[in-house]
Amino acid sequence: MELIKIIIIGIITCFVSLLIKQIKPEFYIVVILTGSIVMLFMIIDQLSIVFDYFLTIFNKTNLSYSIFSSILKVVGVGYLTEFASGICYDTGTSSIGDKIVFAGKVLIICLSLPIITELLNIIVEILP
């Protein structure tokens, strides 16, 4: 049911932004940002379910909290990067969107280092 609400808000935002763009083009970006932020806040509630599930998995596997934290950060950076770059593309500033995507990729690599280190440690322990 939550998805239907988000879809309706998205469609309303699109129609209102198209109308506003013809009447007052300077408010076009404000409408898009407002609709996007409302949808983002609606999605945040659903993300808590995912975080709880990940926490259950990590508690059962006895992996370190740093791995859990790193994975959540990587996922968060990925989603936020996609969200922000999408807004940039929608507002006609694709060059800024490209820079945001690049920055997100670099940050994801940096945040993945503890995961890679832990995987290498596990491999070294397994090898004779």
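This is a predicted model: local features need pLDDT of at least 70, side-chain atom pairs count only at pLDDT 80 or more; totals for chains, interfaces and linings use all residues.
**Ground rules.** I number residues from 1 along each chain as its sequence is written, and side-chain values use heavy atoms, with hydrogens and water left out. Local features need pLDDT of at least 70, side-chain atom pairs count only at pLDDT 80 or more, and totals for chains, interfaces and linings use all residues.

**Confidence.** I checked pLDDT (the predictor's confidence in each residue, from 0 to 100). The chain mean is 87, with 100% of residues at 70 or more. I also went through the elements (DSSP runs numbered from the N terminus: helices are H or I, at least four residues; strands are E, at least two).

**Core.** I looked for nonpolar cores, meaning buried Ala, Val, Leu, Ile, Met, Phe, Trp, Tyr and Cys residues joined through side-chain atoms within 4.5 Å. Buried is under 20% relative accessible area, exposed over 50%, partly exposed in between (1.4 Å probe, protein chains only). The largest core holds five residues: Phe58, Ile67, Phe68, Leu72 and Ile115. Helix H3 (residues 65-90) gives the most to this core, three residues.

**Rings.** I found Lys21 over the face of Tyr28, 4.7 Å from the ring centre; the rule wants NZ of Lys or CZ of Arg within 6 Å of the centre and within 35 degrees of the ring normal.

**Cysteines.** I count zero disulfides, taking a pair of cysteine sulfur atoms within 2.5 Å as one. Cys14 has its closest cysteine sulfur in Cys88, 16 Å away, so that is too far for a bond. Cys14 is partly exposed at 47%, and Cys110 is partly exposed at 44%.
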